[in-house]
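Please walk through this structure step by step, starting with single residues and ending with the contact between chains.

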Amino acid sequence: MNKFDIIKNSEFLNLKQEKYKYTPLTDIFEGEYVPVSLDDRKKPAESDFCEIKIDDAIKIYTVNGVCVSDEIKSEGGFVYGSLALAAKEHKDLVEKYCNRLADNTDLPTALNITAVFSGVFVAVDPGVKTTRPLMIINIIDADSNIFSQQHNLFVFGENSVAEVIEYNIGVSDASTLANNLSETVIKSNAQVDFVRVHDKGLLSKHISSDYSRQYSGSSFNCTNIVLGGGLVRQNTELHLAEKHCYSNLYGLVVAGDKQHVDNYTFIDHAMPECQSNELYKSIVNDKAVNIFNGRILVRPDAQKTIAFQSNKNVLLNTGARIYTKPQLEIYADDVKCSHGATVGQLNEDALFYMQSRGINKSTAQLLLMSGFANEILSKIKNPAFQEFLLSRIEKILIHR
Amino acid sequence: MIKITDLHANVEGKEILRGINLEVRPGEVHAIMGPNGSGKSTLASVIAGRDNFEVTQGEIEFEGKNLLEMSPEDRANAGIFLSFQYPVEIPGVSMTNFMKAAVNEQRKYKGLEPLKAAEFLKMMREKAALTGMDSALISRPVNEGFSGGEKKRNEIFQMAILEPKLAILDETDSGLDIDALKIVSEGVNKLKSPDNALILVTHYQRLLDYIVPDFVHVLYKGKIVKSAGKELALELEKKGYDWLKNLEI
């Protein structure tokens, strides 16, 4: 038995977990996959990613979960390279944070931790204000069914400023399963803008477990966008470990066909006087399924917490399904919190209003949907990437 | 320009319009008055092509075309404009993108090339100045967070951009204070020409002090029960609508 078969036959997969109610682990791990060998290092082809044009971005690639770079570079304020190398060259940081933020009671996370470090290491030294965005392009490129795992570590030092984009694409005709893990440390007063995009094909499954920890006065803008992928499960956990953290967590899902997208988010308000805003939106078409399960915990010590959570969904037809579960658990008594969810169709009044100005119905629908998506895209700091995503989304919606 | 003959329309099985006859020629201003629930707004919506109204009988001819067979967007591009009683908020869609789409669809309908960005913006600025529209609102999402007066002014701003042949103003005066009413009316008056026509749907005579109609029609229980010159509006203001109850319909 290879490693994947061992997992598949593990009884842990059958454990009932509320968090995996609509996306059971047995569904995720169903199928035959061969684990990627770490020696099997591929170089990405130029054509694989030419579409995403951000001229000034620093780029780093992984193929099938393995970082392509064989050195640790220093550029534009970023120190970056493969995590495997960083384990030697930046031993202190890796030892201090790797596997420390992740929740190893989560099965995909625990599974990833047991693998060899294969992903990306990114650090910004204290006080450094990076001038260009760093773009991580994760490519899945396989001729046969593969199981890949990738572990990334991000360390943003005190008072640093950085912008990171992670783009997940696939150029494979085979079925693939990726189990990725990221740990992100945001030190005091650092300002970080992070965008993660899933844009793979229908034969791919992807689990992305992302754990972040913020320290006092830091600000974190995190945007998760799912456009492609047969099955995408994202666990996004944010731990506010000191006072005065400011977090924005945004999500956008545009799903059609038989896509299955599940966003689980957890914001842990452990300390007083932090603020979090969470907004997830989705446009769901055909027979696609979208799940939002958002949990905010305000611990007894976390007085003066401000936490807002909202989930807004648009169903384009009767075959599509949405499950939403906004949760707020408050154990402190002096807080300002709200949560809510909506599921609806495109606003008929707005459509008629546009038609009455001469705009044809399908253009009006497109304008409405782009407008709906734009509320999330407008939160992205990089204007070129914002524009790229908007045109990518419009393309998907036009061909719906 | 528009000729409505024996128009009957239902909403959810209930007959709201019960045989409307109305003809409007270029250059004319018609006021349609009447108590609540008489069918005024329904008539405006049916002309614009709202699909939750079912036309069961009659016809509407607009410049020789059968209007009832046209989609709402085709009606708009042929020159009909409805100023909404309750303008809709469209989050995420900026006024600029909204109007750019509308103007270019209209140009396509006429067989013209899309307007260049600079020309379009210049026109937006000119029309904003003409109708007293705050230019800061132009970059905002359509009607989102606009005050009642700003929304109504936005309708007239859109009318100025699209230059319709026939504009129907549905209760444009409602929710406006006297100052806002004056500004909106001035905007409408500036857009009047011998080639276009106006239908004003209103409860009150107030608006007609500012936009003077050539004809006033009283709509009651889905029919036009009385038509006369502008003096009828003054008479209604004095008498109210109670006298209608004694009419045999």
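Is A:Asp106 buried or exposed? A:Asp106 is buried, because its relative accessible area is 1%, where buried means under 20% relative accessible area, exposed over 50% and partly exposed in between (1.4 Å probe, protein chains only). This is a predicted model, in which local features need pLDDT of at least 70 and side-chain atom pairs count only at pLDDT 80 or more, while totals for chains, interfaces and linings use all residues. Residues are numbered from 1 along each chain as its sequence is written, chains are lettered from A and ligands numbered from 1 in the order in which they are written, and side-chain values use heavy atoms, with hydrogens and water left out.

A:Asp106 forms a salt bridge with A:Lys19, with 3.0 Å between the closest N and O atoms. A salt bridge here is a side-chain nitrogen of Lys or Arg within 4 Å of a carboxyl oxygen of Asp or Glu. The two residues are 87 apart in the chain: A:Lys19 is in the loop between α1 and α2, and A:Asp106 in the loop between α4 and α5. Helices (H or I, at least four residues) and strands (E, at least two) are DSSP runs, numbered from the N terminus. A:Lys19 also counts as buried, at 15% relative accessibility.

A:Lys19 has a salt bridge to A:Glu237 too, the closest N and O atoms being 4.0 Å apart. A:Glu237 lies in strand β14, 218 residues from A:Lys19, and is buried with a relative accessible area of 12%. Another salt bridge, at 2.7 Å from N to O, joins A:Asp199 and A:Arg392. A:Asp199 is in strand β11 and A:Arg392 in helix α8. A:Asp199 counts as buried at 11%, whereas A:Arg392 is partly exposed at 21%. Shared partners join A:Lys19, A:Asp106 and A:Glu237 into one network.

Next comes a helix. Helix α7 of chain A covers residues 361-377, and 12 of its 17 residues are buried. Among them are A:Leu366, A:Phe372 and A:Ile376.

Last comes the contact between chains. Contact means heavy atoms within 4.5 Å, and 19 residues of chain A are in contact with 27 residues of chain B. A:Phe352, A:Tyr353 and A:Arg357 supply 42% of the area that chain A buries against chain B; buried area is the accessible area (1.4 Å probe) that two parts lose on being put together, summed over both. Two salt bridges cross this interface. B:Arg50 forms a salt bridge with A:Asp349, at 3.0 Å between the closest N and O atoms. Helix α6 gives the most to the side of chain A that touches chain B, with seven residues.

Conventions:
The expected span of a helix is 1.5 Å times one less than its number of residues.
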